[in-house]
Amino acid sequence: VEGLATYFDQWDTTGYAPGSYFIEGMLRDTEGKILDRALAEVSLGISLAELTALTASPDPFDPGEPVNLSLNYANAGTLPISGTASIDVYSAEGSIIAQFSELVVDLAPGASGQFDSIWDTTGVPEGTFRILGQVLYYSKATEPRVIDIRTKLRIYLPLVLKED
């Protein structure tokens, strides 16, 4: 071979466990001497996290009342997952007013996890709030789950004075 050459091959990975493997390529001359070599790391398996639920209660709530937040997720892939579960609370205008997170460490394939937190609503104005939950892992992110919650509606009745 003279000049630029390319070699293609396939590796039948049937029977190999998910994980990291190294593939070594060598170029030899006709006498068997190594002229060049390269090493590449490949991963077998899929890392895939999915959200299964996002809840906030009570809904509606009174400002100052604690709101329980819960994010459920599962490892739908074939490799363990590590990353961060997060829940963000947004105002009606779209600014983040509260953030909560928890590490996810080596969640096994097929396993599920839950992240619970409490939002202290002291000082929040009345209105609607958007809650967004997601899991970030290996430079990936789950599709976010979003719910809206609101403060309890105040009903103001007119004051009617009646003279006798």
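1. Is Lys152 buried, exposed or partly exposed, and what is its relative accessible area? In this predicted model, Lys152 is partly exposed, with a relative accessible area of 34%, a value that falls between the limits of under 20% for buried and over 50% for exposed.

2. Lys152 is a partner in a salt bridge, where its side chain meets that of Asp62 at 3.4 Å, N to O. Because Lys152 sits in the segment after β10 (145-150) while Asp62 belongs to the loop between β3 (49-57) and β4 (67-75), the pair ties together parts that are 90 residues apart in sequence. Asp62 is likewise partly exposed, its relative accessible area being 24%.

3. A further salt bridge joins the side chains of Asp148 and Arg130, at 2.8 Å, N to O. This pair also links distant parts of the chain, with Asp148 in strand β10 and Arg130 in strand β8 (residues 128-137), 18 residues apart. Both residues are partly exposed: the relative accessible area is 40% for Asp148 and 42% for Arg130.

4. The side chains of Lys33 and Glu31 form a salt bridge as well, at 3.5 Å, N to O, and here Lys33 and Glu31 are each exposed. The structure holds 4 salt bridges, among them the pairs Lys152 with Asp62, Asp148 with Arg130 and Lys33 with Glu31.

5. Turning to the rings, the structure holds 7 aromatic pairs. One of them is formed by Phe61 and Trp119, which are arranged edge-to-face, at 5.5 Å centre to centre and with 65 degrees between the planes. Since Phe61 lies in the loop between β3 and β4 and Trp119 in strand β7 (residues 112-119), this pair ties together parts that are 58 residues apart in sequence. Phe61 is buried, with a relative accessible area of 0%, and Trp119 also counts as buried, at 3% relative accessibility.

6. Phe61 has another ring partner in Phe129: their centres are 6.0 Å apart and their planes stand at 45 degrees, so the pair is tilted. Here again distant parts of the chain are linked, the loop between β3 and β4 contributing Phe61 and strand β8 contributing Phe129, 68 residues apart. Phe129 counts as buried, at 3% relative accessibility. Elsewhere among the aromatic residues, Trp11, Tyr16 and Tyr21 are linked into a cluster by ring pairs.

7. Strand β8 also holds Gln134. Why does Gln134 count as buried? Its relative accessibility is 18%, and the limit for buried is under 20%. Leaving aside neighbours within four places in sequence, Gln134 is in contact with Leu51, Leu71, Thr84, Ala85, Ser86, Ala141, Thr142 and Pro144.

8. How is the largest pocket lined, and which residues lie nearest its centre? The lining is made up of 12 residues, and Thr6, Tyr7, Phe8, Asp9 and Gly25 lie nearest the centre. By class, the lining residues divide into 7 nonpolar, 3 polar and 2 charged. The volume of this largest pocket is about 380 Å³.

Notes: Residues are numbered from 1 along each chain as its sequence is written. This is a predicted model: local features need pLDDT of at least 70, side-chain atom pairs count only at pLDDT 80 or more; totals for chains, interfaces and linings use all residues. Side-chain values use heavy atoms; hydrogens and water are left out. On a 1 Å grid over the protein atoms alone, a cavity is a set of points where a 1.4 Å probe fits but cannot get out, and a pocket is an open set with protein on both sides within 12 Å along at least five of seven lines; lining residues have an atom within 4 Å of a point. Grid points are joined across faces, edges and corners, and a volume is the space filled by probe spheres set on the points. Ala, Val, Leu, Ile, Met, Phe, Trp, Tyr, Cys and Pro count as nonpolar, Asp, Glu, Lys and Arg as charged, and the others, Gly among them, as polar. Buried means under 20% relative accessible area, exposed over 50%, partly exposed in between (1.4 Å probe, protein chains only). Helices (H or I, at least four residues) and strands (E, at least two) are DSSP runs, numbered from the N terminus. Contact means heavy atoms within 4.5 Å. Rings of Phe, Tyr and Trp (its six-membered ring) pair if their centres lie within 6.5 Å; planes under 30 degrees apart count as stacked, over 60 as edge-to-face and the rest as tilted.
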